[in-house]
Amino acid sequence: QVQLVESGGGSVQAGGSLRLSCAASGYTYSHYCMGWFRQAPGKEREGVATIDSDGRINYGDSVKGRFTISQDNAKNTLYLQMNSLKPEDTAIYYCAAGGVWTCRSGVWNYPSGFPYWGQGTQVTVSS
């Protein structure tokens with residue numbers, strides 16, 4: 001049974017930083033795509049960043065240069081370092097996992113490509 005557990009959310013002022021973590025278990029595929037999505041109130045869930053088992057990375061345009069996705073395979077943990085946070089980054093952030101071709105397709109930022117999801121962690125950025 002695949003389990004994804006996010007942590008690290010919280011409240012921060014604009015310009016601040018947070019690091020999200022996603023502890024993964026039960027996902028035994030050697031080739032995979034993992035990523036971060038976010039959903040603000042009244043908005044659709046959007047792709048933030050993905051990384052695959054070969055280390056290939058995608059970023060959404062709104063977070064390029066500010067957010068960094070990384071993984072620690074020894075700890076089965078995915079990270080999202082978020083710097084220069086803005087109020088518009090306020091959302092629930094979700095960890096997701098799927099097949100490797102999801103990361104390498106042109107639709108990596110669509111939630112439908114990911115069958116496994118965490119419960120989400122709230123990030124609130126105040127101005």
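**View 1. E44 in the loop between strand 4 and strand 5.** E44 is found in the loop that links strand 4 to strand 5. In this predicted model, E44 counts as exposed because its relative accessibility is 71%, and the cut-off for exposed is over 50%. Leaving out residues up to four places away in sequence, E44 touches R38 and Q39. V123 lies 79 residues from E44 along the chain. The C-alpha atoms of E44 and V123 are separated by 16 Å.

**View 2. K64 in the loop between strand 6 and strand 7.** The loop from strand 6 (57-59) to strand 7 holds K64. K64 has 51% relative accessibility, so K64 counts as exposed. G106 is 42 residues away from K64 along the chain. Between their C-alpha atoms, K64 and G106 are separated by 17 Å.

**View 3. Strand 8 and its two partners.** Strand 8 spans residues 77-82. The strand is mostly covered, with five of its six residues buried. Strand 3 (residues 18-25) runs antiparallel to strand 8, and six bridges join the pair. In this pairing R19 stands opposite Q81 of strand 8. Strand 7 (residues 67-72) is also antiparallel to strand 8. Six bridges join strand 7 to strand 8. F67 stands opposite M82 of strand 8. D72 has T77 of strand 8 as its bridge partner.

**View 4. The hairpin turn at N76.** Strand 7 and strand 8 form a hairpin, with four residues between the two strands. N76 lies in the loop between strand 7 and strand 8. N76 is not a glycine, yet its phi is positive, at about 50°. Is N76 buried, partly exposed or exposed? N76 counts as partly exposed because its relative accessibility is 47%.

View 5. S84 sits in the loop between strand 8 and strand 9 (91-98). Its backbone has a positive phi of about 50°, although S84 is not a glycine. S84 has a relative accessibility of 40%, so S84 counts as partly exposed.

**View 6. The largest nonpolar core.** The largest nonpolar core has 26 residues. Those with the most contacts inside this core are M34, W36, L80, M82 and Y93. Several strands give two or more residues to the core: strand 3, strand 4 (33-39), strand 5 (46-52), strand 7, strand 8, strand 9 and strand 11 (121-126). A second, separate core has five residues, including F37, A96, C103 and F114. Nonpolar side chains tend to be buried together in soluble globular proteins.

**View 7. M34 and its contacts.** M34 is one of the residues with the most contacts inside the largest nonpolar core. Which residues is M34 in contact with, leaving aside neighbours within four places in sequence? They are L4, C22, A24, A49, T50, I51, I69, L78, C95, A96, A97 and C103.

**View 8. The largest pocket.** About 210 Å³ of space lies in the largest pocket. Its lining has 14 residues, and A24, Y27, Y32, M34 and N76 lie nearest the pocket centre. Strand 3, strand 7 and strand 8 each give two or more residues to the lining. How do the lining residues divide by type? Six are nonpolar, seven are polar and one is charged.

View 9. Which residues line the second largest pocket? R45, E46, G47, G60, D61, S62, W108, N109, Y110 and P111 do. This lining divides into three nonpolar, four polar and three charged residues.

Notes
Residues numbered from 1 in each chain as written. Predicted model: local features only at pLDDT ≥ 70, side-chain atom pairs only at ≥ 80, totals over all residues. Heavy atoms only, no water. Buried < 20%, exposed > 50% of the residue type's maximum accessible area, 1.4 Å probe, protein only. Pairing = 2+ DSSP bridges. Core = buried A, V, L, I, M, F, W, Y, C linked by side-chain atoms within 4.5 Å. Contact = heavy atoms within 4.5 Å. 1 Å grid on protein atoms, 1.4 Å probe; cavity = no way out; pocket = protein on both sides within 12 Å on 5 of 7 lines; lining within 4 Å. Points joined across faces, edges and corners; volume = space filled by probe spheres on them. Nonpolar A, V, L, I, M, F, W, Y, C, P; charged D, E, K, R; others polar.
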